[in-house]
Amino acid sequence: MKRNIKIPIRTCIGCQEKKPKKELLRIVRTIEGNIEIDLTGKKSGRGAYLCRNLECLEKSLQGKRFNQALNQEIPLSIIEELKKIFQSKLNS
C-alpha cells in the first residue's frame with residue numbers, strides 16, 4: 001500500500017507562484033528581530049519564501065514585498081548576500 005506524502009507548498013513573494021517548499025529559499029525574521037537567510041528552512045521565526053533566481057528578488061524589492069512579509073525593513077547586507085547567491089548560481 002502506497003503512502004501519500006504531503007509536500008508543503010509555499011508562495012514566492014516575487015512571482016507569487018506556488019511551489020514546493022524545497023524549491024524556494026527562505027528568509028526569516030528571527031524572534032530576536034534579525035533578518036537571516038535560512039538555508040535549512042527550519043529556523044524559528046516569521047518566514048518569506050523566494051524562488052532561487054534574480055528576477056524574483058528584483059520583483060520582491062520593487063514591490064516592497066519583503067517588508068510586508070516580514071513586517072520589518074530588510075537590511076541591505078541581506079539583499080547583497082541574496083544577489084551573490086543567485087549570481088553564483090548563474091555562473092556555475
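Lys-64 sits in the loop between H1 and H2, and in this predicted model the phi angle of Lys-64 is near 50°, a positive value in a residue other than glycine. With a relative accessible area of 52%, Lys-64 is exposed, because the limit for that class is over 50%.

**Overall dimensions and surface**

- The C-alpha trace of the protein chain spans about 50 × 35 × 20 Å along its principal axes.
- Of the 92 residues in the protein chain, 32% count as buried, and the chain exposes about 6500 Å², of which carbon and sulfur atoms supply 50%.
- Among the contacts in the protein chain with a separation of 6 or more, 48% come from residues 24 or more positions apart.
- The side chains of the protein chain include 20 positive and 10 negative ones, and the centres of these two sets lie 9 Å apart.

**Strand S3 and its two partners**

- Strand S3 covers residues 24-29 and strand S4 covers residues 35-38, and the two run antiparallel, joined by 4 bridges.
- Within this pairing, Arg-26 stands opposite Asp-38 of S4, while Arg-29 stands opposite Ile-35, which also belongs to S4.
- S3 also pairs with S5 in the antiparallel sense, over 6 bridges, and in S5 the residue opposite Ile-27 is Ala-48.
- S3 is largely enclosed by the rest of the structure, because 5 of its 6 residues are buried.

**The loop between S3 and S4**

- The hairpin of S3 and S4 has 5 residues between the strands, and in this hairpin Gly-33 takes a positive phi near 100°.
- Thr-30 has its place in the loop between S3 and S4, and with a relative accessible area of 9% this residue is buried, since the limit for that class is under 20%.
- When residues up to four places away in sequence are not counted, Thr-30 touches Glu-36, Ser-44 and Gly-45.

**The nonpolar core**

- The largest nonpolar core has 21 residues, and those with the most contacts inside it are Ile-27, Leu-50, Phe-66, Ile-74 and Leu-82.
- At least two residues of this core are supplied by each of S3, S4, strand S5 (46-51), helix H1 (54-62), helix H2 (65-70) and helix H3 (76-91).
- Phe-66, leaving aside its neighbours within four places in sequence, is in contact with Ile-13, Ile-27, Leu-50, Leu-57, Ser-60, Leu-61, Asn-71, Gln-72, Ile-74 and Leu-82.

**Arg-46 in strand S5**

- Arg-46 has its place in strand S5, and at 40% relative accessibility this residue counts as partly exposed.
- Although Arg-46 and Ile-27 are 19 residues apart along the chain, their C-alpha atoms are separated by 8.4 Å.
- Apart from neighbours within four places in sequence, Arg-46 is in contact with Arg-26, Ile-27, Val-28, Arg-29, Ala-69, Leu-70 and Asn-71.

- Leaving aside neighbours within four places in sequence, Arg-10 is in contact with Glu-17, Lys-18, Lys-19, Lys-21, Leu-24 and Tyr-49.
- Gln-16 is found in the loop between strand S1 (9-11) and strand S2 (18-20), and the phi of Gln-16 is near 65°, a positive value in a residue other than glycine.
- At 46% relative accessibility, Gln-16 counts as partly exposed.

Technical notes: Residues are numbered from 1 along each chain as its sequence is written. This is a predicted model: local features need pLDDT of at least 70, side-chain atom pairs count only at pLDDT 80 or more; totals for chains, interfaces and linings use all residues. Side-chain values use heavy atoms; hydrogens and water are left out. Buried means under 20% relative accessible area, exposed over 50%, partly exposed in between (1.4 Å probe, protein chains only). Contact means heavy atoms within 4.5 Å. Accessible areas come from the Shrake-Rupley method with a 1.4 Å probe; for residues, only the protein chains shown count as cover. Lys and Arg count as positive and Asp and Glu as negative; His and the chain ends are not counted. The place of a charge is taken as NZ of Lys, CZ of Arg, CG of Asp or CD of Glu. Two strands pair if DSSP finds at least two bridges between them. A nonpolar core is a set of buried Ala, Val, Leu, Ile, Met, Phe, Trp, Tyr and Cys residues joined through side-chain atoms within 4.5 Å.
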